[in-house]
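Here is a brief report on one protein model.

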Amino acid sequence: MKTIVISNRKGGSAKTTTAVNIASGLAKHSSVLLLDFDTQGHASIGVGCDLSEELGVHSIFSGKTLSETFIPTVHKNLTLSPALVFFDVYEYADLRGVLKNRFKMESITEFFDYCVIDTPPTFDALLKNSLEVADSVVIPFVPHHLGVVAVGQMLRALYQSATLLERKVAEVYILPVMYNPHIPEHKECVEKVKKSFGEAKMLSPIGIDIKLSQQFESGIPIILDEKRSRGLQDYKRCVEELLERFQGAEMYG
Ligand SMILES: Nc1ncnc2c1ncn2[C@@H]1O[C@H](COP(=O)(O)OP(=O)(O)O)[C@@H](O)[C@H]1O
Ligand SMILES: [Mg+2]
C-alpha cells in the first residue's frame with residue numbers, strides 16, 4: 001500500500017478537492033482507502049457520505065480500530081473512514097504514533113493498494129499522525145505570493161517531522177491549483193516554486209473550474225463524472241502523472 005497525504009497548512013488551497021479526486025481517480029483501477037482527517041468532514045461529503053457524530057477516523061484516538069470505521073462510498077473500490085465531526089484534538093494529551101500503530105495492528109497495508117489522507121490545515125497531532133505514515137505528500141497551492149510562502153513552510157514542517165521521527169522524508173509533489181495561464185502572477189509564482197524547490201517535484205496545474213465546487217453538492221467527485229470538463233481532464237492528468245512518478249520512484253528507489 002502506498003500512502004499519499006494531501007497537505008498544506010494554508011486553508012482553501014484545494015486539499016480536500018485534490019484528496020477526493022486523487023482517491024477516486026486511483027479507485028478506477030485499484031482499491032483505495034480515504035481517511036478524512038479534517039474534522040470539517042468535507043472529504044466525506046465529497047465522496048457521497050454523511051458526516052458522522054459517533055464513529056469516524058478520529059475514533060482511533062479513543063481506542064477504536066480503524067477498520068470498524070470503514071464505510072462504502074460513491075465508488076465500489078473506494079472505502080472511506082469519515083471524519084468524526086465533534087472530535088477535539090486538544091482534549092487528548094499524547095496522540096503520537098496512533099495511526100501508524102493501527103496500520104500495523106490491523107494489517108491495513110495488505111488490504112488496499114493506496115491510502116489517501118485529507119488533512120486539516122493546522123500543524124497538530126492529526127497532521128503529525130498522517131506524516132508519520134506518508135510515503136508521498138502532495139502539496140496543492142494557489143499561485144499567489146502567500147501560496148508560495150506556504151509551500152516553503154509546509155516543506156520545512158515535513159523535513160522537521162522526518163528528522164524528529166527519524167524516518168525517511170516522503171516523496172513530495174507540488175500541485176498548482178486554481179491556475180489561470182492568462183494571469184501573469186500565476187505563471188510567475190509557479191516559476192518561483194519550480195526554481196526554489198525543484199522542477200522534479202512539480203505536477204501540471206489544475207485550472208479553475210466551478211464544477212470542482214459543485215461536485216460537493218452532488219457527492220460525486222468530478223473525476224468520476226461522465227461529462228467532460230476542465231476539472232475532470234486536469235485531475236485525470238494529475239493522477240496519471242502521479243502514477244508515472246510512483247513507478248519511477250519505485251524503480252530508482
Ligand atoms: N480548481 C478549482 N477551481 C475552482 N474552485 C476550486 C478549485 N479547487 C478548489 N476549489 C474550491 O475552493 C474552495 C477550497 O477548496 P478545498 O478543497 O475545500 O480547500 P482546502 O481543503 O485546502 O481548504 C472550495 O470551495 C472548492 O470547491
Ligand atoms: Mg479541506
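## Overall form

The C-alpha trace spans about 50 × 45 × 35 Å along its principal axes.

This is a predicted model: local features need pLDDT of at least 70, side-chain atom pairs count only at pLDDT 80 or more, and totals for chains, interfaces and linings use all residues. Residues are numbered from 1 along each chain as its sequence is written, while chains are lettered from A and ligands numbered from 1 in the order in which they are written.

The secondary structure comes to 9 helices and 7 strands. These are DSSP runs numbered from the N terminus: helices are H or I with at least four residues, strands E with at least two.

## Helices α6 and α7

Helix α6 (residues 145–165) and helix α7 (residues 184–197) have axes that come within 10 Å and cross at roughly 25°. Therefore α6 is roughly parallel to α7 (angles under 35 degrees count as roughly parallel, over 145 as roughly antiparallel, 65 to 115 as roughly perpendicular and the rest as oblique). Axes are lines fitted to C-alpha atoms, for helices over the stretch in contact, and angles run from 0 to 180 degrees between N-to-C directions.

On the α6 side, G147, V148, V151, G152 and L155 meet C189, K192, V193, S196 and F197 of α7. Contact means C-beta atoms, placed from the backbone, within 7 Å. By class, this contact has 6 nonpolar, 3 polar and 1 charged residues. Ala, Val, Leu, Ile, Met, Phe, Trp, Tyr, Cys and Pro count as nonpolar, Asp, Glu, Lys and Arg as charged, and the others, Gly among them, as polar.

## Helices α3 and α5

Helix α3 (residues 98–105) packs on helix α5 (residues 125–132) at about 40°, with axes 7 Å apart. That makes α3 oblique to α5. V98, L99 and K100 of α3 meet N129, S130 and E132 of α5.

## Around ligand 1

Ligand 1 has 16 residues around it; A14, K15, T16, T17 and S213 come nearest. A residue is near if its C-beta atom, placed from the backbone, lies within 6 Å. α1 (15–27) and α8 (211–218) each give two or more residues to this shell. α1 gives the most, with 3 residues.

Technical notes:
Two residues are in contact if their C-beta atoms, placed from the backbone, lie within 7 Å.
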